[in-house]
Structures are given as C-alpha cells and as structure tokens.
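Biologist: I would like to learn how to read this model, feature by feature. Shall we start with a sheet?

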Amino acid sequence: MDALDDKYNSDRKQFGVIYGRRRIGKTETVKSFLEGKEYVYFQALKGTTQRNLKEFSMVVNSFTGQSKYYVFPSWKTALEEIDSYFSGHRYCLVIDEYPFIASRDRSFSSVIEAFYDGARDNLFLILLGSDVSFLNDEINDRASPLYKRRTFEMRLGKMPLSEALLFLDGLPSEDKINYLSLMSSYPYYLSAIDKTKSFDENVVNLLFYEYGAFANLPEGLPSDTSRIQDVYNTILESIAGGHHGVKEITDDIGESGAVVSTYISSLLGGEIIEKRSSFNAGKKGNYYVISDPLLRFWYAFVYPNQNPLPVSEWEIFSREKEHIHHFLCHGFEDTAILYLEELNFRGELDEMFTRIKNFNEFNKKLDRQVEIDGLAQSGDTLLVVECKYETRPFTNEMARHLRESASIFADRWKRVYYIFSGSGFSPDFDYEPDFHCFTSEDILKSGRDGR
C-alpha cells in the first residue's frame, strides 16, 4: 500500500503490473488503495473480446453519462473517452484479470501500449492478473508491445504468519494450529472460517458439503475444456497422492512423459504447483508439489469422494479422519517452516539463512533413510529443522536420532537445531546449547525467542 501510494503521489504517469496466484488478495489490495481516489475499475471476464468491450463500455458510460447501452466501436475509442473525461487531474485505470482479454485478442496489448505512450502525466494505470506466466511474458518478452513500459511491478504472495494469525484471534490453540496446517496464511481461506463452529464442522461445511465455499476449489485451472480439465485433475490428484516426479506421475496416470511435462509447465505458470529441490541436490533432486495446502487437501480427500452415491459429507469426513490427521501433521511442518522464514526475514535466527529445504535420501553409512524436515545454510553454519505434531512429547531419543541424521553432512559445518513439538518436550529433555525448542504456543505468538 505504501509503495502504491508513493507511485501515485509522483508527478509522472505510472504503469504498474500486479500479479500472483488466484485468491491471494490482489483485487482487495488494489480496491483498498483506490479508496478516496478517482478511478475506473474493470473486472475482465472469461469471454469474447466483444463481450468484454461491451462490459467495459458500460463502466465508461457510467462516468460520462452516455447511454449504458452504447458500445464503443473499439478499445481505442473507449480509452480515449476515459482520458478525455479525467483531463487535468490524477486518475487510476485498473484492468483486473488482464490476461482474460489479452490472451484472446493479441492486439489488445498494442492498444494499451499506444494508449499509455500517448497519455499525459495524470494517468495511473494498473494491470492485474492471476496467469503469472502470461503476464511475465507480456512485460518481459522483447517481442511484447508492453516490454519496458511498466514503471513498477508487484508479485503478491501469501501473508506472513503474524498477519495470518489475526484471522484466528479468539480460537483455541489447537484449532489455530490445525487451520494454519490446512490453510497456511492465505487470507481468502482464513476469512471463510466460522468461529462459532468447531474445526471439524468448518472442514465439512467448507469442503465436503455440496454447496460449501471450497467444494469446487480448483475452478479456474488453465483450461475450460472438460477433457483437458480431466487431465489436470488427474495430475494434481497424483501429486496430492505422493507422486512428485514426472516419471512417477506418468506411471501413475498412464499418460506419456511429454504430455505430463506440458501440463506441468502450464500448472507451474499458474502457480498451482511449484517446483522444489532437496537440500544440496542437483536436477535429480527436483520435485513438484501443490504448494497450496487446502488445494492439496481437496485433491487428497474431496476429489476422490465426489460421486453420486448417497453418502453424507459427515460420513466421508469420518471415514477419512485418520488420514486427515496425518495430513495436518504434515501441514504442521509447513507452518513451522513459515514461522522460521518469518524469523529469518526479521534477522532473528542465529544467522541469515538461505531458503529452507527438506531432505529425504537413503544413506549407506547409516544404512537407513534419512529424513530431515528442513535444512538451510549460511556460510559454515547448517540450520537443521525437526517438526513433530504428535500426542507424545519430544524425547532425548528423538534428539539423538536427529543428531545422527545431521551427521551425514560435512564436519566443518556448525549445526544449529530448531525443534518444533506440538506436544512439548519430555520432563527429562536435555536442552542442549545448540537446540532451539518451540511448542505450538511459541508459533502462535509469532514469537521471537525460543528456549
């Protein structure tokens, strides 16, 4: 908001691009920014160019007094009408979901280019979009009419943990952790929680109930064609089921590697999945995940149970409850990492570390699989993260196992351990000097000090 205001208060025309995955808060951010300002806001539709021009004409006519049924003959004339109406004073023109128009009408970006180039310094133009790869190409591809036209760009991500916790104020601690494990820090999801209902009731009502707010969560995948949509759904269900490499997904769904790779590229572009890499791994360590935990939940539990059988949503939930608990345990790891990333951003860890990555590899020396929830490096210091969301406290034996797992890395690295336990630590636990120990309550404070 401060950055937008700084640009707005300049004495020059501005052209901003704001992008990020769907339901991340782009529109709400811009609408809040527009309060008290003169503006034209247009939400593009998934439709033909003519339909969008018709809707845009209605917005323009609401300012100029022209008949609401009048449709401008072209985008150029409609934009010129806006510029004429606001002549002499600062105004904002916002086109939300810009790719809906520009992907169908390849001349539209040229129209925007010509309009901006010819505009006076009173124009403040913002283009918004959820198709991240498309917008990236539009502003960074030398062949695009909009190349080097923008004066600023913003990529919105999910909220920091400390801000997400504001949505959960007043709830029991266990519920707070469960909601964060299920929804992470996405404001759209957290705002849908009904605090008068239990966690289980919210999950059933929002996801499993036929008319729940998130019953059709994946709407807006890269294609509206049902056959193609089915392939996307199958790939995402496979990833949610634990298949994270192209070959694994290919073997699981029976499509060719080339087909799977093409669809994965599209899913990456829409930020529906993301590519991650294991700590200190080369290309072979790359894998794909559904980074949005609620979408991952939907493909793991809701999508497989969508059938015409007369089974109540509560019966489905009860049948899946044990698996849902395991899902939340995994989500607790993500919440702990989110907490650590915020501490790292604020400079409150031992050092400033690189991005935290997980590690899962068979080690011949230990003759066992080594799984570490998080690893990051800063010079010769190795950050080692362990997360346990269990009914029993963290014990000295678990700590010894963690030290042994971390021993496979070079001795020259000094190790610091960040241990998260949802059930606390055993009474006889040895709090060693290199241990930073946190409970769920520490996370919920979005605190600054471990023990």
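Biologist: Which residue is the bridge partner of F42 in β3?

Modeller: I95 is the partner of F42. Keep in mind that this is a predicted model. The general idea comes next: strands of a sheet pair through backbone hydrogen bonds, either parallel or antiparallel. Here β2 and β3 pair in the parallel sense, over five bridges.

Biologist: In what order do the strands β1 to β5 form their open sheet?

Modeller: The order is β2-β3-β4-β1-β5, and the pairing is parallel. β2 (39–43) and β5 (152–155) are the edge strands; each has a single partner, so one side of each lacks a neighbour in the sheet. From one strand to the next, the twist averages 10 degrees.

Biologist: How many bridges join β3 to β4?

Modeller: Five, between β3 (residues 91–96) and β4 (residues 123–129), and the two run parallel. Take two positions on β3. L93 stands opposite L125 in β4. V94 stands opposite I126 in β4.

Biologist: Which helix packs on this sheet, touching β1, β4 and β5?

Modeller: Helix α7 (residues 132–140) does. Its direction makes about 155 degrees with that of β1 (14–19).

Biologist: Back to β3. Which of its residues point which way?

Modeller: Y91, L93 and I95 point one way; C92, V94 and D96 point the other way. All of these are buried.

Biologist: Do β8 and β9 run parallel or antiparallel?

Modeller: Antiparallel, with six bridges joining β8 to β9 (residues 368–378).

Biologist: What sits in the loop between β8 and β9?

Modeller: D367 is found there. D367 is not a glycine, yet it has a positive phi of about 55 degrees. With 59% relative accessibility, D367 counts as exposed, because the cut-off for exposed is over 50%.

Biologist: Where is R23, and what is its phi?

Modeller: R23 lies in the loop between β1 and α2 (26–34). Its phi is near 60 degrees, a positive value in a residue other than glycine.

Biologist: How do I read a pair of helices?

Modeller: Two packed helices are described by the angle between their axes and the distance between the axes. Take α9 (residues 173–183) and α16 (residues 313–345). They pack at an angle of about 85 degrees, with axes 8 Å apart. That makes α9 roughly perpendicular to α16.

Biologist: Which residues of α9 and α16 make the contact?

Modeller: α9 brings I177, N178, L180, S181 and L182, and α16 brings F327, L328, G331, F332 and T335. By class, the contact of α9 with α16 has six nonpolar residues, four polar and no charged.

Biologist: Next, cores. Which residues touch the most other members of the largest nonpolar core?

Modeller: In general, nonpolar side chains of soluble globular proteins tend to be buried together. In this model the largest nonpolar core has 73 residues, and M183, L207, F208, F297 and F420 touch the most other members. α16 gives the most to this core, with 13 residues. There is also a second, separate core of 34 residues, which includes L53, V60, I95 and L127.

Biologist: Let us end on F297. Is F297 buried or exposed?

Modeller: F297 counts as buried, because its relative accessibility is 1% and the cut-off for buried is under 20%. F297 is found in helix α15 (residues 293–302).

Biologist: Which residues does F297 touch, not counting those up to four places away in sequence?

Modeller: L182, V203, L207, F208, V302, I324 and F327. For distance along the chain, compare Y179. F297 and Y179 are 118 residues apart, and their C-alpha atoms are separated by 12 Å.

Definitions and conventions
Residues are numbered from 1 along each chain as its sequence is written. This is a predicted model: local features need pLDDT of at least 70, side-chain atom pairs count only at pLDDT 80 or more; totals for chains, interfaces and linings use all residues. Side-chain values use heavy atoms; hydrogens and water are left out. Two strands pair if DSSP finds at least two bridges between them. Helices (H or I, at least four residues) and strands (E, at least two) are DSSP runs, numbered from the N terminus. Axes are lines fitted to C-alpha atoms, for helices over the stretch in contact, and angles run from 0 to 180 degrees between N-to-C directions. Angles under 35 degrees count as roughly parallel, over 145 as roughly antiparallel, 65 to 115 as roughly perpendicular and the rest as oblique. Contact means heavy atoms within 4.5 Å. Ala, Val, Leu, Ile, Met, Phe, Trp, Tyr, Cys and Pro count as nonpolar, Asp, Glu, Lys and Arg as charged, and the others, Gly among them, as polar. A nonpolar core is a set of buried Ala, Val, Leu, Ile, Met, Phe, Trp, Tyr and Cys residues joined through side-chain atoms within 4.5 Å. Buried means under 20% relative accessible area, exposed over 50%, partly exposed in between (1.4 Å probe, protein chains only).
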